Amino acid sequence: MGDTFIRHVALLGFEKRFVPSQHYVYMFLVKWQDLSEKVVYRRFTEIYEFHKLLKEMFPIEAGEINPESRIIPHLPAPRWFDGQRAAESRQGTLTEYCNALMGLPAKISRCPHLLDFFKVRPDDLKLPSDSQVKKPETYLMPKDGKSNAADITGPIILQTYRAIADHGKNSASEMAVATGDIVEVVEKSESGWWFCQMKAKRGWVPASFLEPLDSPDEAEDPEPNYAGEPYITIKAYTAVEEDEMSLSQGETIEVIHKLLDGWWVVRKEDVTGYFPSMYLQKSGQDPAQVQRQIKGRGAPPRRSTIRNAHSIHQRSRKRLSQDSYRRNSVRFLQQRRRLAQPGPKSAGSPRGENPQSQRAKPQPAVPPRPSADLILHRCSESTKRKLASAV
């Protein structure tokens with residue numbers, strides 16, 4: 001077993017809590033060397049006390065002897081009154097501070113003082129009970145990592161989902177759920193694994209095991225992009241279902257539909273099929289990070305493979321069939337090839353006329369006509385009822 005160390009610390013946001021009195025705590029996602037990921041909560045006063053002790057332990061690196069030798073990052077002292085605006089404005093400073101800490105020499109970034117500070121404490125596992133009159137308000141960091149107090153106008157309410165089947169815990173970073181459990185989703189990863197919390201538990205859950213409480217027709221998935229995005233397979237996969245695609249490692253494909261359950265629709269020449277997004281990587285990206293994710297958690301299961309699934313909705317959300325994907329993809333590719341072909345040259349042109357004016361202006365690609373399934377999927381409920389009554 002190797003030494004224990006932290007690979008990365010990311011600031012997720014902060015919470016406004018009211019028990020025992022109003023205060024603010026920051027949420028950090030700590031990624032350890034064993035690929036485990038833990039969420040910890042720390043007050044700013046705790047962070048500042050940790051910072052002061054760290055400087056005492058390493059006076060040379062803190063610039064106490066020679067200011068020019070300082071490599072430990074600066075951190076402003078707490079204010080006499082810390083309100084919500086102060087908590088918001090500190091997020092950028094804390095993000096830079098954590099990034100700088102992880103970049104310090106190993107004798108500092110892996111010292112017991114730092115490791116102990118970011119370890120999970122019992123208080124980190126104590127989520128607010130249902131009996132509390134006023135529950136904490138959660139404020140998440142913007143996805144671009146920039147924190148601006150003017151951009152955060154109120155609490156971000158975490159989305160609530162319901163488990164449709166039992167899911168066992170297969171790794172330390174996962175969370176087990178039972179049919180009917182209600183969870184709050186903190187993060188939706190493109191891999192199809194969602195970071196959720198439920199009472200005193202937190203961890204990753206396959207998105208295919210969750211359904212929204214409001215409606216199965218919740219339009220969260222983006223629209224198909226038949227132009228395609230180039231990706232490279234970093235792990236081979238053999239199709240299990242008929243609508244999946246078998247690919248070897250190192251093949252170049254195009255992604256035409258990114259679905260939230262982590263099973264994307266890919267295109268190889270004129271053939272389409274589902275493929276796990278965890279086994280794909282954009283050109284130019286570092287494969288090491290993706291490989292670590294694969295080792296920690298495999299591809300999530302598909303909804304169609306879940307046995308004994310119990311949904312609270314009478315009608316499940318319909319998805320496009322692979323036949324529809326193929327037809328629309330072939331039409332798009334044919335139109336793109338026609339537009340790429342040069343037009344016929346004119347036999348003669350009037351004297352003095354600019355030859356460039358004779359060139360046909362490029363016309364925008366006409367999207368393919370949507371299939372009947374797609375039209376029924378996108379139309380309103382009143383239209384569906386009219387069509388049903390007409391039949």
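The largest share of the lining of the second largest cavity, four residues, is contributed by helix α2. Helices and strands are DSSP runs, with helices being H or I of at least four residues and strands being E of at least two, numbered from the N terminus. The structure is a predicted model, in which local features need pLDDT of at least 70 and side-chain atom pairs count only at pLDDT 80 or more, while totals for chains, interfaces and linings use all residues. Residues are numbered from 1 along each chain as its sequence is written, and side-chain values use heavy atoms, with hydrogens and water left out.

The search of the whole structure gave two cavities of 30 Å³ or more. A cavity is a set of points on a 1 Å grid over the protein atoms alone where a 1.4 Å probe fits but cannot get out, and lining residues have an atom within 4 Å of a point. Grid points are joined across faces, edges and corners, and the volume is the space filled by probe spheres set on the points. For the second largest cavity the volume is about 30 Å³. Its lining consists of F28, I47, L94, Y97, C98, L101, F117 and F118. Two or more residues of this lining come from each of α2 (84-102) and α4.

Overall, the protein contains eight helices and 14 strands. Of its 391 residues, 40% count as buried, meaning under 20% relative accessible area, as against exposed at over 50% and partly exposed in between (1.4 Å probe, protein chains only). Among contacts with a separation of 6 or more, 62% are between residues 24 or more positions apart; a contact means heavy atoms within 4.5 Å.

The average pLDDT, the predictor's confidence in each residue from 0 to 100, is 80 for the protein, and 76% of the residues score at least 70. The pLDDT is below 50 over residues 147-156, a stretch with 15 contacts in the model beyond near neighbours in sequence. It is also below 50 over residues 349-353, where two such contacts are present. Where pLDDT is low, the predicted coordinates should not be read in detail.

Aromatic pairs number 14, where rings of Phe, Tyr and Trp (its six-membered ring) pair if their centres lie within 6.5 Å, and planes under 30 degrees apart count as stacked, over 60 as edge-to-face and the rest as tilted. The pair of F117 and F118 is edge-to-face, because the ring centres are 5.1 Å apart and the planes lie at 85°. Both F117 and F118 are buried. The rings of Y237 and Y279 form a tilted pair, because their centres are 6.4 Å apart and their planes lie at 50°. This pair links distant parts of the chain, 42 residues apart: Y237 is in the loop between β10 (229-233) and β11 (252-257), and Y279 is in the loop between β13 (271-276) and β14 (280-282). Y237 and Y279 are buried as well. A cluster linked by ring pairs comprises F14, Y24, Y26 and Y139.

Charges over rings were also identified, the criterion being NZ of Lys or CZ of Arg within 6 Å of the ring centre and within 35 degrees of the ring normal. The charged end of R17 lies over the ring of Y41 at 4.8 Å from its centre, and that of R302 over the ring of W263 at 5.8 Å.

Two residues with positive phi were examined. Most residues other than glycine have a negative phi. L35, which is not a glycine, has a positive phi of about 75°. L35 is located in the loop between β2 (23-32) and β3 (37-42) and is partly exposed, at 23% relative accessibility. E269, likewise a residue other than glycine, has a positive phi near 60°. E269 lies in the loop between β12 (263-268) and β13 and is exposed, with a relative accessible area of 68%.

S189, in the loop between β6 (182-188) and β7 (193-198), is buried, with a relative accessible area of 15%. Its C-alpha atom is 9.0 Å from that of D261, 72 residues apart along the chain.

Note on methods: 1 Å grid on protein atoms, 1.4 Å probe; cavity = no way out; pocket = protein on both sides within 12 Å on 5 of 7 lines; lining within 4 Å.
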